[in-house]
Amino acid sequence: MTRVLNCTRALRAQTLLLQLPATTTIVPAASHFLRPPPVAPIRRRNYATESAAGVVHASQLSFGQPIHETHPYLIGPGELTRNITAEEYHTRRTRLTTILPKGSLAIIPSSTLQYRSGVVFHEFHQNPDFLYLTGWTEPSPALAVLESLDGAGAYLWTMFVTSDRNSWDTLWNGPVNGLVAARDVWNADEVYSIDDVDMELPKILARSTSLYATPEAEPFLQRLRNQGVSVKRPFDLTPKIAELRIVKSPGEIRNMRLAGRASGRGFNKAMSRRWRSEAELWAYLAWRFRVGGCEKEAYVPVVAGGRNACTIHYTRNDEELRDGELVLVDAAGQYSHYPSDITRTWPVNGVFTEPQRDLYQAVLNVQKYAITLAVPGNTINDINNLVHEAFVPELQQLGERFTVNRRIISTLNPHSTSHHIGLSVHDVPSFSSAPLRANHCITIEPGIYIPHGDLRWPEEFWGMGIRIEDVVCVEERGEPGPLVLSREAVKEVVDVEALGRKTREREERRRMKGKDEEEEEEAEEEDD
């Protein structure tokens, strides 16, 4: 079987002609179609058009997600999602079928919309494994089926997708990509309606020699078993996909870099202002991430003032922020499905007290050292162990009462220093003991948390929680060091306090101005 790839992801004329009137002339976006044009003439639907000239540009069509023709300001030519081309998605499928046995079948379902109550739904988050292999992001049920034809990369790709909606469904839920676009835009070889899974999937299963599936596929398989279909016990496909996902492509690294840049700049803006509450600071950062280019927050953030910072996953974010205390913020935006993961800790009033500065500097020294450990050959476990060792002399310098050793450090720093990051914030967790390689992306996030009232530690440090976190990309041996993808967010004491001075200067100006002038100044600052 010869496979021809439409690696540009641009619409073929066939896609448009099946949806447009007979009198319509197609004006495609600037792209090149690598699939050969059909030999036989294509049948056109005969219905009226409101276009007087009978000319409809591809951008006037609607799909279940942005594509280049409809959103050229988001999606570039040849891309299915921002910075990831159709050719790259094809390469991922090829690599997966290369590591699967000849004749095997891989089944990966999409996520489905989850409901809070009644018709009120949660924000949709696509199954990362499904998204990694397809580039399909619309929030409608879909199923990807890959057949490894020769065990060397040749494959047959079948997609079961939500078929075109009727006008009533479209009115409420918007358009879907549909069957034709699944073939001509997303390059599937065979396409069926998701409603036909029970009829068509058994035929595909019957010609396979072994079955691989992600856990989310079990409901589909169990339904077939209940109907009397013989279904082999599937091998877990997740580790196979994880082998691919752990090494990031240039497009993936670019997306995480853009997420880190927007998020880091948002942090800097937040540090230059005074906040009355955790909730107020949370709302501001969420807004900053979006105006910086991210589509949403990457996760529910930690915005922890004072002793709340000693709770690692504190997400209530509902208390006041008090003068003289620190605030720890673990938050970031997500850019084209790729998150950043940043933590910064700073004084609410913009100026560290001496104990705060000393403990903060100790954590910062260890964090900067840990970044240098993100090199090929080391493991995440290695980094964690070396960080614990590095904390001992740093904390001992804070005074005689900081009598720490390797065992005690694990109580003050109870979490891992690092985790992989990619399409998931905590990406491919099964690889934490694997040696790092070039283009692995990980976090570096040491922290120290001093429980309030714990007599083992000096009272001036009670209730302090300090964590500093960045996302880094491992580079090839011989390179200067890992690439910090979140480097915009300041963390040196002098820089943090410089942003704090902006807050105090702004407050002083406001005290000397009337209300109208103050509101005008605030508007100017937001335009900055």
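**Strand pairing and its surroundings**

Strand E19 is joined by 4 bridges to strand E22 (residues 470-473), and the two run antiparallel; strands here are DSSP runs of E with at least two residues, and helices are runs of H or I with at least four, both numbered from the N terminus. The model is a predicted one, in which local features need pLDDT of at least 70 and side-chain atom pairs count only at pLDDT 80 or more, while totals for chains, interfaces and linings use all residues. Residues are numbered from 1 along each chain as its sequence is written, and side-chain values use heavy atoms, with hydrogens and water left out.

Within this pairing, Ile-442 stands opposite Val-472 of E22. The sheet to which they belong is open and antiparallel, with 3 strands in the order E19-E22-E23. Strand E19 (441-444) and strand E23 (483-484) each have a single partner strand and stand at the edges, so one side of each is left without a neighbour in the sheet. Pairing of two strands requires that DSSP finds at least two bridges between them.

Another open sheet is built from 3 strands in the order E14-E15-E18, again with antiparallel pairing. Its edge strands are E14 (302-305) and E18 (342-347), each of which pairs on one side only, and the twist from one strand to the next averages 10 degrees. Between E14 and strand E15 (residues 326-331), which run antiparallel, there are 4 bridges, and Val-303 has Val-329 of E15 as its bridge partner.

Helix H9 (residues 250-271) lies across E15 and E18, at about 10 degrees to E18, whereas helix H10 (residues 278-291) lies across E14, E15 and E18, at about 145 degrees to E14. These angles run from 0 to 180 degrees between N-to-C directions, with axes fitted as lines to C-alpha atoms, for helices over the stretch in contact, and contact means heavy atoms within 4.5 Å.

Strand E8 (residues 143-148) deserves a separate description, as it is mostly covered: 6 of its 6 residues are buried, that is, under 20% relative accessible area with a 1.4 Å probe and protein chains only, where exposed would mean over 50% and partly exposed lies in between. In a regular strand the side chains alternate between the two faces of the sheet. In E8, Leu-143, Val-145 and Glu-147 point one way and Ala-144, Leu-146 and Ser-148 the other way, and all of them are buried.

E8 has antiparallel partners in two strands. Strand E5 (residues 104-109) is joined to E8 by 5 bridges, and Leu-105 has Glu-147 of E8 as its bridge partner.

As for the whole chain, its secondary structure comes to 15 helices and 23 strands, and 53% of the 528 residues are buried. Among its contacts between residues at least 6 apart in sequence, 70% join residues at least 24 apart.
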